[in-house]
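Please walk through this model with me, one chain at a time. Keep the sequence and the 3D view open side by side.

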Amino acid sequence: MNEENFQPVGDRFPPTRRSVIEAVGSTDAEERERALDRLCAAYWRPIYKYIRLHWNRPAEEAQDLTQGFFVEVLERELLRKFDSKKARLRTYLRVCVDSFVSNEDKAGRRQKRGGNVAHVALDFAAAEEELGRAAMDPAAIPSPESLEEFFEKEWLRSLFSLAVKELRELCNARQREKTFRLFEAYDLDGLEKISYEQLAKDYAIAVTDVTNSLAWARREFRRIALERLRELSGSDEEFQREARATFGGKTK
Amino acid sequence: MKFLSDRAVERLREAAEIPDLTGTRYRLLEHVARGGMGIVYAAEDEKLERRVALKVLDVPSANADVANRLIREALVLARLEHPGIVPVHDVGTLSDGRVFYTMKFVQGQRLDQYVDTVPSATERLRLFLRVCDAVGFAHAHGVLHRDLKPANIMVGSFGEVLVMDWGLAKLLRGDASDKPLMVDPEATILEKPKNASDTTSTGGSRVVTGHGTVMGTPGYMSPEQARGDVEHLDARSDIFSLGALLRFVLTQNPLGPATAAQKQHMDKALEAICSKAAAPDPGGRYSTVSELALDVSRYLDGMAVAAHRESLFEKLARFYRRYRFFILLIAAYLLMRVLILLFMHR
């Protein structure tokens with residue numbers, strides 16, 4: 001056996017899209033905009049929910065602050081100050097949110113923002129519904145540790161939701177809708193796990209087809225989630241750490 | 001966008017973690033353990049129809065050079081063919097980009113659990129000598145373990161002793177025959193930590209540097225390793241760990257006996273061996289594992305050990321212990337003669 005038999009691991013992944021942290025500071029306006037869209041897509045929900053719960057703000061004000069925060073990120077070039085050696089991006093952003101909301105309070109600003117900071121549709125109504133569904137009580141999360149945990153949990157949910165959305169698009173593009181439905185039934189639904197045999201029966205396919213389809217979907221899901229994660233990391237070290245935390249054990 | 005419940009998030013995480021063994025000769029059986037650098041599963045090698053342990057790195061490396069180096073070093077590890085070192089069977093890359101390797105599936109007990117079942121100090125020392133044998137072999141082949149501790153030693157169901165978890169191992173520069181073996185700071189074998197700390201059941205916790213390289217386990221880690229002085233690590237760093245391991249084997253405490261019960265297997269010579277092996281200054285330690293093993297063997301044979309200068313009383317005591325049978329035989333003979341003489345003079 002020799003090392004020529006092996007594919008370098010890194011080659012298995014498509015070329016990395018530039019980290020949003022670098023791209024947000026780009027001189028190219030289009031690139032900057034795209035980066036902010038991606039950052040916004042991954043973080044707006046956790047940030048909105050965090051402002052709602054931690055800062056105990058009514059929905060309308062939280063919406064305004066969430067949008068305002070992303071304007072602040074762009075205008076004050078907050079990501080330029082981010083050092084991945086000192087903190088994780090989401091911890092940094094959470095601290096920035098705290099500081100932003102606090103400053104807004106001090107300045108007594110309540111300006112209505114246009115909501116067009118990014119081209120991502122911020123579905124606040126859905127976020128509100130999610131908050132209601134999760135039935136989270138601010139009094140139940142009193143300590144800073146639990147708030148951090150809450151923010152991280154919401155961030156992970158957001159990352160996985162985006163990856164699932166992309167996976168669905170990929171399945172549609174490749175005429176693998178049935179694969180996505182299998183993945184949805186087996187891995188996404190909160191019901192008790194159904195067996196591969198049952199799925200094979202429901203979809204009138206062989207059990208091996210279920211196995212292969214789920215293996216493909218999981219592999220693609222993982223690849224997409226890691227790609228997204230890489231984009232949202234400031235350095236390779238941070239990405240490695242984040243990927244381990246995301247796929248290796250409990251969120252913390 | 002579909003809302004993912006907490007349960008769905010956990011299931012996705014679990015689902016994404018399951019290694020995709022498509023295209024390999026292995027079939028996943030069950031999750032066994034999670035280590036510092038990945039997850040260990042029991043798998044079936046479908047070609048050879050045997051159970052193997054399959055270790056999957058949990059994250060693909062972003063850098064192909066790093067990945068190649070890790071694989072190259074895994075191959076070096078696989079060349080350590082010794083009955084005391086868990087053999088690596090196969091190494092490769094899964095279709096999802098994760099590096100994996102398979103090794104012998106060891107069924108048995110960890111040393112920290114097993115040692116409780118061995119009341120005899122002699123048996124414990126013989127067990128320790130087998131660990132020394134494996135570590136000495138690795139050193140001779142230019143590999144430093146760097147994380148020797150009871151949790152990483154397995155005693156198989158037939159009493160075989162296996163040194164496990166070479167995840168922190170370092171390749172040593174040079175050749176064992178002439179000059180001291182020095183660590184190549186760039187050569188880490190298949191290692192990147194998952195978490196900042198990984199508490200083990202033996203009470204140790206792995207220490208991680210700011211750069212993310214796991215260095216070892218407090219209590220068993222040499223001072224130079226704890227300082228992160230990677231460039232100057234050599235075989236004596238493992239010898240420090242072996243000293244702590246010897247103390248643990250004899251007293252259940254790597255730092256030495258704290259209670260009277262812990263002292264029962266420890267005498268001055270053994271204490272001196274432990275102290276010399278685990279000396280804070282590398283210069284004060286045994287320079288090779290063979291030297292340490294030789295001292296332990298000499299102790300087992302009732303001979304003077306190099307680590308301890310004996311007093312006359314100790315020499316006599318050791319002489320007595322070594323030749324107790326003959327001394328008692330002669331004493332019995334002399335006593336008989338005295339008794340016979342006394343009887344005849346009555």
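pLDDT is the predictor's confidence in each residue, from 0 to 100. Helices (H or I, at least four residues) and strands (E, at least two) are DSSP runs, numbered from the N terminus. This is a predicted model, in which local features need pLDDT of at least 70, side-chain atom pairs count only at pLDDT 80 or more, and totals for chains, interfaces and linings use all residues. Residues are numbered from 1 along each chain as its sequence is written, while chains are lettered from A and ligands numbered from 1 in the order in which they are written.

Start with confidence. The model scores ipTM 0.76 and pTM 0.65. Chain A has a mean pLDDT of 77, with 79% of the residues at 70 or more. Among the elements of chain A, helix α5 (residues 124-134) has the lowest mean pLDDT, 75. Helix α7 (residues 177-188) of chain A has the highest, 90. Residues 1-16 of chain A have pLDDT below 50. Beyond near neighbours in sequence, that stretch has 34 contacts in the model. Two residues are in contact if their C-beta atoms, placed from the backbone, lie within 7 Å.

Stay in chain A for one helix pair. Helix α2 (residues 29-54) and helix α4 (residues 89-107) of chain A pack at about 45°, with their axes 11 Å apart. That angle makes α2(A) oblique to α4(A). Angles under 35 degrees count as roughly parallel, over 145 as roughly antiparallel, 65 to 115 as roughly perpendicular and the rest as oblique. Axes are lines fitted to C-alpha atoms, for helices over the stretch in contact, and angles run from 0 to 180 degrees between N-to-C directions. The crossing of α2(A) and α4(A) is right-handed. A crossing is left-handed if the near helix is turned anticlockwise from the far one by less than a right angle, and right-handed if clockwise. From α2(A), the contact uses Tyr43(A), Ile47(A), Tyr50(A) and Ile51(A). From α4(A) come Leu93(A), Arg94(A), Val97(A) and Val101(A). The residues of this contact of α2(A) with α4(A) are seven nonpolar, no polar and one charged. Here Ala, Val, Leu, Ile, Met, Phe, Trp, Tyr, Cys and Pro count as nonpolar, Asp, Glu, Lys and Arg as charged, and the others, Gly among them, as polar.

Now chain B. Its mean pLDDT is 79, and 79% of its residues reach 70 or more. Residues 174-214 of chain B fall below 50 in pLDDT. Beyond near neighbours in sequence, this stretch has 101 contacts in the model.

Five strands of chain B form an open sheet in the order β1-β2-β3-β5-β4, with antiparallel pairing. Two strands pair if DSSP finds at least two bridges between them. β1 (26-34) and β4 (88-93) of chain B each have a single partner strand, so one side of each is left without a neighbour in the sheet. The twist averages 25° from one strand to the next. β4(B) pairs with β5(B) (residues 99-104) over five bridges, in the antiparallel sense. Gly92(B) stands opposite Phe100(B), and Val91(B) stands opposite Tyr101(B). Five residues separate the two strands of this β4(B)-β5(B) hairpin, and Gly97(B) in the turn has a positive phi of about 95°.

A second open sheet in chain B has three strands, ordered β6-β8-β9 and paired antiparallel. β6 (108-110) and β9 (161-163) of chain B are at the edges, each with a single partner strand, so one side of each is left without a neighbour in the sheet. Here the twist averages 30° from one strand to the next. β6(B) pairs with β8(B) (residues 153-156) over three bridges. In that pairing Gly108(B) stands opposite Gly156(B).

Helix α4 (residues 121-140) of chain B lies across β8 and β9 of chain B, at about 40° to β9(B). What is the angle between α4(B) and helix α6 (residues 235-251) of chain B? They pack at about 165°, with their axes 10 Å apart. That makes α4(B) roughly antiparallel to α6(B). Their crossing is right-handed. By class, this contact of α4(B) with α6(B) has twelve nonpolar, one polar and two charged residues.

α4(B) also meets helix α9 (residues 289-300) of chain B, where the axes come within 9 Å and cross at roughly 160°. α4(B) is therefore roughly antiparallel to α9(B). This crossing is left-handed.
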